[in-house]
Amino acid sequence: IDWHGHRDRDMATVNCFAALEAGATRVHGTVRGSSGPAEGAMVSLMPDRGGFDKLGMGMTDKSGNYEIASVKPGEYMFQVVMLDSAMGTGSQPSSPLVETLTVGGGPELRHDVTLPGGALNGRVESAIDATPIPGVRLILQRTDAGRPTTSIYSRLDGRVGETYSDAEGAFHFKYLPAGTYTVHAGGRNVVGMGQSGWARNRVQGVAVAGEGGGFTVKVKLRP
């Protein structure tokens, strides 16, 4: 363990003992997806109680390994979000994996996780002539008993993802656990992104399997 997460010149041993005496723990492990190690996942530890001084973050490497140094003992929300090229301002098409993690006072804690492999594909089109509608804001809400309720998720009412339809009206949500979902279409986000001129709509009771390529759900909007 290194107290600051790196080796200070000629101070590595001193820092290590200081970290141990303070109860700091090195949390590390591997994140895997259905096709192997998950590179480019953001891993975060958010304290169930306490301030931001306990917040920890890390990124997975090409082997899916992550490391968060100097974690204080306590109860945490352990979250993994896959980052990809589809993510933009206000967009999160990859559903987060959320677990509760207890960190003790030991020198290290290994925590490996496997991301769920469910997917939901969709198309937004006009209810008048079935032409695709680009730029529509889509929010995915999990509605069954398995929706995350830990920490900040208790205030999100099951919301697990957000994205926008592309030029062909298509959209995709990935890394979904098996469950029942509602797709909300329309409106704008806090920075004004989202197609205007269309009434909002939602598709309820969408069942997603935990593995597989997903299926396509049509969302029809009216002017």
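Me: Why does Phe 171 count as buried?
Reply: Phe 171 has a relative accessibility of 1%. Buried means under 20%, so Phe 171, at 1%, gets the label. Bear in mind that this is a predicted model.

Me: What does Phe 171 touch, leaving out residues up to four places away in sequence?
Reply: Quite a list: Leu 120, Asn 121, Gly 122, Arg 123, Val 124, Leu 138, Thr 163, Tyr 164, Ser 165, Val 183, Val 217 and Val 219. A touch here means heavy atoms within 4.5 Å.

Me: What makes the pair of Phe 171 and Phe 173 edge-to-face?
Reply: Two numbers settle it. The ring centres lie 6.0 Å apart, and the limit for a pair is 6.5 Å, so the two rings count as paired. Their planes stand at 70°, and anything over 60 is called edge-to-face, so that's the name this pair gets.

Me: And Phe 173, is that buried or exposed?
Reply: Buried: the relative accessible area of Phe 173 is 1%, and the cut-off is under 20%.

Me: How many aromatic pairs does a search of the whole structure find?
Reply: Two. One of them joins Tyr 66 and Phe 78, with 5.9 Å from centre to centre and 55° between the planes.

Me: Why is the pair of Tyr 66 and Phe 78 called tilted?
Reply: Stacked needs planes under 30 degrees apart and edge-to-face needs over 60, with the rest called tilted. At 55°, the planes of Tyr 66 and Phe 78 fall between those limits, so the pair is tilted. Tyr 66 comes from strand S5 and Phe 78 from strand S6 (residues 74–82), which puts them twelve residues apart. Both are buried.

Me: Back to Phe 171. Which residues touch the most other members of the largest nonpolar core?
Reply: Leu 120, Val 124, Leu 140, Phe 171 and Val 219, out of 19 residues in that core. Another core, of 18 residues, lies apart from it, with Ala 38, Ala 41, Val 80 and Met 82 among its members.

Me: What makes S14 mostly covered?
Reply: Five of the seven residues in S14 are buried.

Me: How do you know that S11 and S14 pair?
Reply: Pairing takes at least two bridges. S11 and S14 share five, in the antiparallel sense, so they qualify. One example is Arg 142, whose bridge partner in S14 is Tyr 181.

Me: How many bridges join S14 to S15?
Reply: Six, and the two strands run antiparallel. Ala 185, for instance, has Asn 201 in S15 as its bridge partner.

Me: On to charges. Why do Glu 125 and Arg 123 count as a salt bridge?
Reply: Their side chains meet at 2.3 Å, N to O. The limit is 4 Å, so 2.3 Å passes.

Me: What do Arg 137 and Glu 162 tie together?
Reply: Their side chains meet in a salt bridge at 3.0 Å, N to O. Arg 137 lies in strand S11 and Glu 162 in strand S12 (residues 159–164), so the pair ties together parts 25 residues apart in sequence. Arg 137 and Glu 162 are both buried.

Me: How do you know that Glu 67 forms a salt bridge with Arg 26?
Reply: Their closest N and O atoms are 3.3 Å apart, and the rule asks for within 4 Å. Glu 67 sits in strand S5 (residues 65–71) and Arg 26 in strand S1 (residues 25–33), 41 residues apart. Glu 67, at 43% relative accessibility, and Arg 26, at 23%, both fall between the 20% and 50% cut-offs, so each counts as partly exposed.

Me: How many salt bridges does a search of the whole structure find?
Reply: Nine. Shared partners join Arg 26, Glu 67 and Glu 108 into one network.

Conventions: Residues are numbered from 1 along each chain as its sequence is written. This is a predicted model: local features need pLDDT of at least 70, side-chain atom pairs count only at pLDDT 80 or more; totals for chains, interfaces and linings use all residues. Side-chain values use heavy atoms; hydrogens and water are left out. A nonpolar core is a set of buried Ala, Val, Leu, Ile, Met, Phe, Trp, Tyr and Cys residues joined through side-chain atoms within 4.5 Å. Buried means under 20% relative accessible area, exposed over 50%, partly exposed in between (1.4 Å probe, protein chains only). Helices (H or I, at least four residues) and strands (E, at least two) are DSSP runs, numbered from the N terminus.
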